[in-house]
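Please keep the sequence and the structure open while reading.

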Amino acid sequence: MRDGLSTKRIRPLIAPGVAVTDNTAIVSSIIDTQGYDSVTLAFVTGTNADADATVTVLLEEGDNSALSDNAAVADADMVSMTPGTAPETAAAFTFADDAETRAIGYLGSKRYIRLTLTPSANTGNQYVGGIAILEGKAPAVNQLAASAS
């Protein structure tokens, strides 16, 4: 068996926090992709306490560290978790999707990316947490501990 951690960096994408109880967008951290061969954005839903909420997904990219030049990522620059379904559509979820995982792979050429989850018709508690998995760049052994932060 091979070690998979040595060539990956795991970064916080969406830190678990207070539940969203309205239609306020959940905006991820900005992820710096420089020096990595691949990026997977993964998130998990909590127990959703609403009877009709839906959540759409938007992945943005840019070369400015604050994403002041952000643009929506083209479907051709993403990998869907469900073959034959547009990546952001496959990653979307509803009130019925309790404790489920979603993921989008990024293939684009921009340095920075950000994920936004936007609820609609949400009046209950919406919990989400997520991570970015960056692969292809072998960190030095002393950097492995830092990847947890």
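**Briefing on a predicted model**

Ala92 has contacts with Val55, Thr56, Val57 and Arg102, leaving aside residues up to four places away in sequence. The model is predicted.

- Ala92 has 23% relative accessibility, so it is classed as partly exposed; the buried class is for values under 20%.
- Thr56, one of the residues that Ala92 touches, is 36 residues away from Ala92 in sequence. In space, the C-alpha atoms of Ala92 and Thr56 are 4.9 Å apart.

**Aromatic rings**

- The count of aromatic pairs is one.
- The pair is formed by Phe43 and Phe93, with ring centres 6.0 Å apart. The ring planes of Phe43 and Phe93 meet at 50°, so the pair is classed as tilted; planes under 30 degrees apart would count as stacked, and over 60 as edge-to-face.
- Phe43 belongs to strand 4 (residues 38-45) and Phe93 to strand 8, so the pair ties together parts that are 50 residues apart in sequence.
- Phe43 is buried because its relative accessibility is 3%.
- Phe93 is buried as well, because its relative accessibility is 2%.

**Fold and dimensions of the chain**

- The chain contains one helix and eleven strands.
- Read from the N terminus, the order of elements is β-β-β-β-β-β-β-α-β-β-β-β.
- The radius of gyration of the chain is 16 Å. A compact globule of 149 residues would have a radius near 15 Å, so the chain agrees with that expectation.
- Along the principal axes, the C-alpha atoms fill a box of roughly 45 × 30 × 30 Å.

**Packing, surface and charge**

- Buried residues make up 38% of the 149 residues of the chain.
- Among contacts with a separation of 6 or more, 83% are between residues 24 or more positions apart.
- The chain has 9 positive and 17 negative charges. The mean position of the positive charges and that of the negative charges are 12 Å apart.

Methods: Residues numbered from 1 in each chain as written. Predicted model: local features only at pLDDT ≥ 70, side-chain atom pairs only at ≥ 80, totals over all residues. Heavy atoms only, no water. Buried < 20%, exposed > 50% of the residue type's maximum accessible area, 1.4 Å probe, protein only. Contact = heavy atoms within 4.5 Å. Phe/Tyr/Trp six-rings, centres within 6.5 Å; stacked < 30°, edge-to-face > 60°. Helix = DSSP H or I, 4+ residues; strand = E, 2+ residues; numbered from the N terminus. Rg over C-alpha atoms; globule rule 2.2 N^0.38 Å. Lys, Arg positive; Asp, Glu negative; His and termini not counted. Charge placed at Lys NZ, Arg CZ, Asp CG, Glu CD.
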